[in-house]
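Thanks for making the time this morning. I would like to walk through one structure with you, going from a pocket to some aromatic rings and then to a few individual residues.

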Amino acid sequence: MPVTSFEFGEKYKYQNGFGSYVETEAVSGALPIGMNSPQKPPYGLYAEKLSGTAFTAPRHENQQTWLYRILPSCAHPPFGPAIDDPSKSDKPTDQAKLEYIPNQLRWDPFDHDDQTDFVSGLRLVAGAGDPTLKQGIGMYIYAAGKSMNDYCAFYSADGDLLIVAQDGVLDIRTELGWLLVRPMEICVIPRGIKYQVHLPSGPVRGYALELYQGHFTLPELGPIGSNCLANARDFQAPLASFAEDFGATASEGPNNYTVTVKFNNSLFQTNQAHTPFDVVAWHGNYYPYKYDLGRFNTIGSISYDHPDPSIFTVLSALSDHPGTAITDFVIFPPRWLVAENTFRPPWYHRNTMSEFMGLIAGEYDAKKGGQGGFMPGGASLHNVMSGHGPDAKSFEGASNAELKPALVGKGSCAFMFESCLMVGVTEWGLKMCKKVQEGYSEESWGGVQVHWKKPEGVSSNSHLLR
């Protein structure tokens, strides 16, 4: 299945490519030619540079975009603390409010919430690190029942936000243009870019990961070659689109826009008299993008053994240590299993990485579904060195299955946020959401059978000197 068949049709045109340097203009001639900041940009626009990395970052890492807009972003009154700030109760930089526990955790599907919009419906489940140091991650659930107000915008100064749509459609207006994000699609909104989320199909629910350090990249392919996994050409970026709502100056205008910023995991707000969505043209390589998970080219064993799940990596955020990621975004899409004489589901495992899993649709082949199981809209967390693997029923089934070619996961897609960091769980994630499956460990592995039979005449003391 190279492309997902979506129930909700596409609305927009895009430009394709991952990390490409692109340009787009909503009005012909709005982009200056041969320079970035002319004395007088075309049509009376302001030139504004948006830097996603340090000026002197190496070329292959450097990310920036030049915006040509009606009014510059700096034209607003001072920010003040947001009156309603749901992030205060689960601020990950407050270590007293994160619990670091070695237990395996699993959550029932999280509730929908028809009273919230996307921003107020974001709930931090787990996290690690400190956005003030640009180190770490935050793992979120979102649930919303109403669109953001047309006169509101949001951005995060803390990091890039990876959104995994699970239920319902997100129609996202960004400064750089529109993205339609449906279940089985993901999107990334980089640090600092303002956006607004509309819900054209009704209530939504899904997952998100905020990356405090660096940016997402495509994983290296090594001996796989030059194609496969997530191909760069399948990522889609918006075309320039702008609104006109302003007065004679930045402080004069017919309407009032509320801009909310997430800054060190607290929310601040300002009100301005002009729309923040006034970018008429832009060029650069720092922009939001989306990706259809159905286009992922899955790699697997055609001889024996189940390979490491790293072969299912869509995006990676690298640490300073080669081969070790601050976070990987990994999926388990429909795929053929053909390995001979092999236990085909993922094996039992203890990992130096932490693993947060969610289920977009269907059933995961290593865990039972249904009530009390691993269900769409739910999640699990297996922290650093916490043992995990197939539940007892899945193990017995796979151990005794006929080993013929089998298509697994049809109509299903699970995913994983994997991180080298030990993550703590918020009070909301452990208690307030009331979704933790208290019997998860016992129900999954308490019934694992003992199959060991020591051969007759074999000693258990072969390690002793005689």
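The residues that line the second largest pocket divide into 17 nonpolar, eight polar and five charged, and please keep in mind throughout that this is a predicted model. The lining is made up of 30 residues, and those that lie nearest the centre of the pocket are Thr 298, Pro 333, Pro 334, Arg 335 and Trp 336. Which element gives the most to this lining? That is strand E24, residues 335–337, with three residues. As for volume, the second largest pocket comes to about 530 Å³.

Let me turn to the aromatic rings, where a search of the whole structure finds 25 aromatic pairs. The pair I would start with is Tyr 12 and Trp 178, whose ring centres are 5.7 Å apart and whose planes stand at 25°, so the pair counts as stacked, given that planes under 30 degrees apart fall into that class. Because Tyr 12 lies in the segment before strand E1 (14–16) while Trp 178 belongs to strand E13 (residues 177–181), this pair ties together parts that are 166 residues apart in sequence. Tyr 12 itself is partly exposed, with a relative accessible area of 21%, which places it between the limits of 20% for buried and 50% for exposed.

A second pair, Phe 118 with Tyr 142, is tilted, with 5.1 Å from centre to centre and 55° between the planes. Here, too, distant parts of the chain are linked, since Phe 118 sits in the loop between strand E7 (105–107) and strand E8 (122–130), and Tyr 142 in strand E9 (residues 135–144), 24 residues apart. Are these two residues buried or exposed? Phe 118 counts as buried at 1% relative accessibility, and Tyr 142 counts as buried at 1% as well.

Beyond these pairs, there is one aromatic cluster formed by Trp 107, Phe 110, Tyr 207, Phe 329, Phe 356, Phe 415, Phe 417 and Trp 428. There are also charged side chains over ring faces: Arg 182 lies over the face of Phe 6, at 3.8 Å from the ring centre, and Lys 194 lies over the face of Tyr 155, at 5.4 Å from the ring centre.

Next, the backbone, where I would point to Tyr 43, which has a positive phi of about 60° although it is not a glycine. Tyr 43 is placed in the loop between strand E2 (22–25) and strand E3 (46–51), and its relative accessible area of 56% makes it exposed. Leu 229 is another residue other than glycine with a positive phi, near 60°, and it is found in the loop between strand E16 (204–211) and strand E17 (235–238). Whereas Tyr 43 is exposed, Leu 229 counts as buried, at 3% relative accessibility.

I will finish with Leu 293, which has its place in the loop between strand E21 (289–292) and strand E22 (313–318) and which counts as buried at 1% relative accessibility. What does Leu 293 touch, not counting residues up to four places away in sequence? Its contacts are Met 184, Ile 186, Phe 329, Ile 331, Ile 360 and Cys 413, and one of these, Phe 329, is also a member of the aromatic cluster. Finally, the C-alpha atoms of Leu 293 and Val 164 are separated by 10.0 Å, although the two residues are 129 residues apart along the chain.

Key
Residues are numbered from 1 along each chain as its sequence is written. This is a predicted model: local features need pLDDT of at least 70, side-chain atom pairs count only at pLDDT 80 or more; totals for chains, interfaces and linings use all residues. Side-chain values use heavy atoms; hydrogens and water are left out. On a 1 Å grid over the protein atoms alone, a cavity is a set of points where a 1.4 Å probe fits but cannot get out, and a pocket is an open set with protein on both sides within 12 Å along at least five of seven lines; lining residues have an atom within 4 Å of a point. Grid points are joined across faces, edges and corners, and a volume is the space filled by probe spheres set on the points. Helices (H or I, at least four residues) and strands (E, at least two) are DSSP runs, numbered from the N terminus. Ala, Val, Leu, Ile, Met, Phe, Trp, Tyr, Cys and Pro count as nonpolar, Asp, Glu, Lys and Arg as charged, and the others, Gly among them, as polar. Rings of Phe, Tyr and Trp (its six-membered ring) pair if their centres lie within 6.5 Å; planes under 30 degrees apart count as stacked, over 60 as edge-to-face and the rest as tilted. Buried means under 20% relative accessible area, exposed over 50%, partly exposed in between (1.4 Å probe, protein chains only). A charge sits over a ring if NZ of Lys or CZ of Arg is within 6 Å of the ring centre and within 35 degrees of the ring normal. Contact means heavy atoms within 4.5 Å.
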